[in-house]
Amino acid sequence: MVELDQFKYTLGTYKQPLEEIKDSLDLVNKEQRVQELERKMEEPDFWNDPERSQELMKELKSKKDDVEIYHRLTSQMEDMELMIEMGYEENDPEVIP
């Protein structure tokens with residue numbers, strides 16, 4: 001089906017920019033920092049310094065937001081790829097919309 005081929009091609013053009021986003025956002029290090037901050041939060045004396053705790057909580061939220069947005073985008077891309085493959089398997093023009 002020509003439409004599915006076009007969708008697959010168009011979707012494929014987003015893979016490289018998505019990888020570039022991952023690199024430019026330094027997501028590997030952000031994910032590591034999120035884990036580090038979450039471990040710090042579990043320490044008994046974490047809340048003893050409220051000002052510092054709030055700073056770390058803001059940092060954690062910011063980094064988590066970046067990571068989650070990227071993972072949501074990749075998940076959506078995978079879902080679309082799966083739907084395209086299902087469209088090929090069904091060989092039904094009704095699936096295209």
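Biologist: In this predicted model, is the crossing of α3 and α4 left-handed or right-handed?
Modeller: The two helices are α3, residues 27–41, and α4. The crossing of α3 with α4 is left-handed.

Biologist: Is α3 roughly antiparallel or oblique to α4?
Modeller: The axes of α3 and α4 come within 9 Å and cross at roughly 135°. An angle must be over 145 degrees to count as roughly antiparallel. The relation of α3 to α4 is therefore oblique.

Biologist: How many nonpolar, polar and charged residues does the contact of α3 with α4 have?
Modeller: From α3, the contact takes in Leu27, Lys30, Glu31, Arg33, Val34, Leu37, Glu38, Lys40 and Met41. From α4 come Leu56, Met57, Glu59, Leu60, Lys63, Lys64, Asp66, Val67, Tyr70 and His71. Sorted by class, the contact has 9 nonpolar, 1 polar and 9 charged residues.

Biologist: How are α2 and α4 oriented to each other, roughly parallel or roughly antiparallel?
Modeller: Helix α2 covers residues 15–24 and helix α4 residues 50–90, and their axes lie 11 Å apart. The packing angle is about 160°, and angles over 145 degrees count as roughly antiparallel. Helices α2 and α4 are therefore roughly antiparallel.

Biologist: Which residues of α4 does α2 meet?
Modeller: α2 passes α4 in a left-handed crossing. On the α2 side the contact uses Lys15, Leu18, Glu19, Ile21 and Lys22. By class, the residues of the contact of α2 with α4 are 5 nonpolar, 1 polar and 4 charged. The residues met in α4 are Tyr70, Leu73, Thr74, Met77 and Glu81.

Biologist: Where on α4 does α1 make its contact?
Modeller: α1 passes α4 in a left-handed crossing. The α1 residues are Leu4, Asp5, Phe7, Lys8 and Leu11. By class, the contact of α1 with α4 has 7 nonpolar, 1 polar and 4 charged residues. On α4, the residues met are Met77, Met80, Glu81, Ile84, Glu85, Gly87 and Tyr88.

Biologist: How many aromatic pairs are there, and is the pair of Phe46 and Trp47 stacked or edge-to-face?
Modeller: The count comes to 1 aromatic pair. In the pair of Phe46 and Trp47, the ring centres lie 4.8 Å apart and the planes are at 90°. Planes over 60 degrees apart count as edge-to-face. The geometry of Phe46 and Trp47 is thus edge-to-face.

Biologist: Is Phe46 buried or exposed?
Modeller: Its pair partner is Trp47, which at 45% relative accessibility counts as partly exposed. Buried means under 20% relative accessible area. At 9%, Phe46 is therefore buried.

Biologist: What distance separates the C-alpha atoms of Gln54 and Pro93?
Modeller: Gln54 is found in helix α4 and is partly exposed, with a relative accessible area of 44%. Pro93 is 39 residues from Gln54 along the chain. Their C-alpha atoms are separated by 54 Å.

How values were computed: Residues are numbered from 1 along each chain as its sequence is written. This is a predicted model: local features need pLDDT of at least 70, side-chain atom pairs count only at pLDDT 80 or more; totals for chains, interfaces and linings use all residues. Side-chain values use heavy atoms; hydrogens and water are left out. Axes are lines fitted to C-alpha atoms, for helices over the stretch in contact, and angles run from 0 to 180 degrees between N-to-C directions. Helices (H or I, at least four residues) and strands (E, at least two) are DSSP runs, numbered from the N terminus. Angles under 35 degrees count as roughly parallel, over 145 as roughly antiparallel, 65 to 115 as roughly perpendicular and the rest as oblique. A crossing is left-handed if the near helix is turned anticlockwise from the far one by less than a right angle, and right-handed if clockwise. Contact means heavy atoms within 4.5 Å. Ala, Val, Leu, Ile, Met, Phe, Trp, Tyr, Cys and Pro count as nonpolar, Asp, Glu, Lys and Arg as charged, and the others, Gly among them, as polar. Rings of Phe, Tyr and Trp (its six-membered ring) pair if their centres lie within 6.5 Å; planes under 30 degrees apart count as stacked, over 60 as edge-to-face and the rest as tilted. Buried means under 20% relative accessible area, exposed over 50%, partly exposed in between (1.4 Å probe, protein chains only).
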